[in-house]
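Try each task with the sequence and the structure in view before you read its solution.

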Amino acid sequence: MSFSKDADPSLGFLTKRDTEVKLPRPTRVKNKTPASIQITAEQILREARERQEPEIRPPKQKITDPNELGDYRLRRRKEFEDQIRRARWNTRVWVKYADWEENQKDFARARSIWERALEVDYRERTLWLKYAEFEMKNRFVNHARNVWDRAVSLLPRVDQLWYKYIHMEEMLGNVAGSRQVFQRWMDWQPDQQGWLSYIKFELRYGEIERARRVFERFTACHPRATAWIRFAKFEMKNGEIARARAVYERAVDLLSGEEDEAEQLFVAFAEFEEKCREIDRARCIYKFALDHIPKGRAEELYKKYVAFEKQYGDREGIEDAIVGKRRFQYEDEVKKNPLNYDSWFDYIRLEENVGNKDMIREVYERSIANVPPAQEKRYWQRYIYLWLNYALYEELGAEDMDRTRDVYRECLKLIPHKKFSFAKIWLLAAQFEIRQKSLKAARQILGNAIGMAPKDKIFKKYIEIEMQLGNIDRCRTLYEKYLEWSPANCYAWSKYAELERSLSETERARGIFELAIAQPALDMPELLWKPVLYTLVVALPKLSAVGDTFDHSVTVLLCIYWIPLAAALSSSPSLAGVASGQAYIDFEISEGEIERTRLLYERLLDRTKHLKVWISYAKFEASVGLEDLDRSDKAQLENGDPSYREEQIDRIQRCRGIFERAFDYFRTSAPEMKEERAMLLEEWSNMETVFADLGDLSLVQSKLPRKVKRKRAISSEDGTPSGYEEYIDYIFPDEVAMAPNLKILEAAYKWKKQKAVSEED
C-alpha cells in the first residue's frame, strides 16, 4: 500500500488538504426585498418542538418467576462487582451497589458492602453519612449509633458527623445521650460554631446553669472578643446585669493588650453600659479605650464615641470627641507618610490646644524621630522647625529649662554641620542661655558655631551681643575672624570701619578701608553705600539752609545720583572695588579731608573709568565746602561776599575739568560707548544749568550729539538671521568733521580690538 509523501503520520497518513473542512459556498442573495409572509423566531421554535421525536427508552422488564429474579440479581451483582474491580476507589459505585442491595431488601448484603467500602477509604465522609442514613432509614437504631460512634472516633475533626450524630439522638428523644455526645465533641475543642450549638442545645431544654458552664469553657477555649461578647449578651438576656458586667471586666483584663480584639470589645462594653443607663461608666470606657488602643486601629471606636457624646455629652465632651476624631485622622496621615512634616505640625498644634503635656511630648518625640533620609538642606528645612517648636514649647509652655537645653543640645548634635547647618538653631540656643543668665554657655555655643559652621547671621548676632555688653576688644576679635572667614564681605568691612569711627579711631578706620579696597572682589558692594546715603541725609538740612539756587540744586542732584549709583554697583560684580573705594571716599569727606578725597578719586579712576565715577567726582568738586554751611551763613551769601564767589568759581572750574577729562576719555579711548558719552554731556549740561549765572551752556551745546534711528540685523541662538531691530545712534560733531576718515578709523579700531582679544586668548 503506497502513501503520499505529503501524508502526516499524526493525521493517520492523511494530508492536511484532506482534513480541511470545506464549507459550502455562501449563497448570494440578489433580491433583498422583504418576503410577503414573515416568520418569527417563536414560530420556528414551536415547529421544531412539534416535530421533535420522542425519547427512546429501554422497555420495562417484568419479573414474574423467582428463578428469573435470581438470575436478574446474579447478573446485576456481577456487573457491580466488575465495576468495583475496575474502579475500586470510585465512591459512587459503592454507593450505587449498596443502594441496589437496599432496594432488594437484602440489608445484610448492603451492610457488608458499606463495610467493604469503608475498608477501602474510611476517610471519605460521604460513605459514613450514607451508611448511617441507611441504618436510620431502615430503623436500625443501634446499628446507626455504632456507625456514628465509629465515624466520630475515626474523624473527630469532621463537624458534620457530630452534628448528624447529635441530631439523631435528639430526634430519638435521648437528651442525655445528645449531651454526652456534645461532651465528647467539646473535648476535641472544636470551633466557635460547635460550642454555640452546644449552648443552644442546653437553652432549648432550659438548662441555664449548664449553658453558663458551657460558656465558661467556651471563653477559655476561644478567648476572643466575640466569645466574651456572646457570653455577656447571654447573661444580659437572662437579666443578670452584674454577671454581664463581670464578664466584660474579665474580658477587658484579658484582651486589653490584643490590638485586633480590643476595639470590638470596648465598643460592646460601652454599648452595654449605655443600655443600662450608666452614661458615666460608658464615657469612662470610651476614654480608657482611646488611651490604650493605637489610633490607627480605633476608627470604629472614634465614630461610636463621637455619636455617644453628641447624644449624651455636654459641650466639653463633644469637643473631646471631635479632638479624638481629628487625632485619629492625623494618626492615619502620619502613618501613611511619616516624612510629611506638615501633618506632624497640625498634629502637634492639636495636642497643644488640648494641653496634655505627656501627649504633646510624645507627639514631638515621634515627629523628630523621622529624620530626613538624605543629607541635603532642602529636605531638612521643614524638619528643623519641629526641633525649634519643641524647644520653644519646653521653655514657654512646659517651663522646663533642663529639657529645653537637652532639646537644643540633641538638635545640634543631629545636624551634619560639615555639609550644612542652620544659624537659627545656634542663635536660639545662645539666646536661651542668655535668658537663663548663663553668658559663658551662650559664648561657648556661639564659639562652637563659628568653629563648626560659620555664617553671616552668627557673626552679626555675636558681635551685636558683645556690643551691647560693651566688650569692644571681643568685637574687634570677632570682626577679624569674620573677615578671615569672608574677606569679600562688604558688610563686615563697613561695619568694622564704622565701629572704629564711632570710637574716634580714625586711623584704624582708614586702615580698614585701605584693606577693603585692596580686596580683589567683594560680594555685596551695595552695603558699603549706606554710609554714603546717611551722609547725604545728614547734610541735606545744612544744604537746604543755603538760599542760593545753585547750592540747593547741587544737593538734589547728589541725592538723585547716589541712589542709582549704589544700585548700579550692586548689580555689577566688576565694580566691587569701586563700592569699597566710594565708602572710603565718604569716610574721608565726613572727616573733612578734601585732598585725601581727591587722591582717592584718582585712585578709583585708575581702577575703573565707569561713567558714574566721573559724575560722582565732578559733583564732589562742585559741592566741596558746602557741607559746613548753616543758616547763619545765609546773610553772608546774600550780601555777595567776593571770597565766596571766588571759591564758587574755583569749584565750577574744577568740576568742568573733571567733565572735560571724562569727555576726552570716552571720545578717544572708548569711542564705541556713545550712549555713556551722551549721558555724560547731559549731566554736564544739567550742572551748567545749576550753576545759574556762572554757568556756560555753550561749552556743552557745541558737543551735544544728534540722535538718529537706525536698523541692524539680529540673529537667533543658532546664528541664523531672524530680522532687524531699530536702535538709537548718536552722531557727535567731531565725527561729522572726520567723516571722510571715519571708515578708516573704524577699521583700525576693530583691528585693535581683535588684536587685544587674541593676545588675551
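**Exercise 1. Find the helix that holds Glu102, decide whether this residue is buried or exposed, and list what it touches.**

Solution. Begin with the place in the chain: Glu102 lies in helix H4, which covers residues 91–103. Keep in mind that the model is a predicted one. Next, take the relative accessibility of Glu102, which is 8%; a residue is called buried when this value is under 20%, and Glu102 therefore counts as buried. Finally, leaving aside residues up to four places away in sequence, the contacts of Glu102 are with Phe107, Ala110, Phe134, Lys137 and Asn138.

**Exercise 2. Describe how helix H10 and helix H11 pack, and sort the residues of their contact by class.**

Solution. First locate the two elements, H10 at residues 192–204 and H11 at residues 208–221, whose axes are 8 Å apart and form an angle of about 170 degrees. Angles over 145 degrees count as roughly antiparallel, and H10 is therefore roughly antiparallel to H11. Then look at the residues that make the contact: H10 contributes Gln192, Trp195, Leu196, Tyr198, Ile199, Glu202 and Leu203, while H11 contributes Ile208, Arg210, Ala211, Val214, Phe215, Arg217, Phe218 and Cys221. Sorted by class, the residues of this contact are eleven nonpolar, one polar and three charged.

**Exercise 3. Work out the relative direction of helix H15 and helix H16, the hand of their crossing, and the make-up of their contact.**

Solution. Start from the geometry: the axes of H15 (residues 279–292) and H16 (residues 299–312) come within 11 Å and cross at roughly 150 degrees. The two helices are therefore roughly antiparallel to each other, and the crossing in which H15 passes H16 is left-handed. On the H15 side the contact is made by Ile279, Ala282, Arg283, Tyr286, Lys287, Ala289 and Leu290, and on the H16 side by Leu301, Tyr302, Lys304, Tyr305, Phe308, Glu309 and Tyr312. In the contact of H15 with H16 there are ten nonpolar and four charged residues, with no polar ones.

Definitions and conventions
Residues are numbered from 1 along each chain as its sequence is written. This is a predicted model: local features need pLDDT of at least 70, side-chain atom pairs count only at pLDDT 80 or more; totals for chains, interfaces and linings use all residues. Side-chain values use heavy atoms; hydrogens and water are left out. Axes are lines fitted to C-alpha atoms, for helices over the stretch in contact, and angles run from 0 to 180 degrees between N-to-C directions. Helices (H or I, at least four residues) and strands (E, at least two) are DSSP runs, numbered from the N terminus. Angles under 35 degrees count as roughly parallel, over 145 as roughly antiparallel, 65 to 115 as roughly perpendicular and the rest as oblique. A crossing is left-handed if the near helix is turned anticlockwise from the far one by less than a right angle, and right-handed if clockwise. Contact means heavy atoms within 4.5 Å. Ala, Val, Leu, Ile, Met, Phe, Trp, Tyr, Cys and Pro count as nonpolar, Asp, Glu, Lys and Arg as charged, and the others, Gly among them, as polar. Buried means under 20% relative accessible area, exposed over 50%, partly exposed in between (1.4 Å probe, protein chains only).
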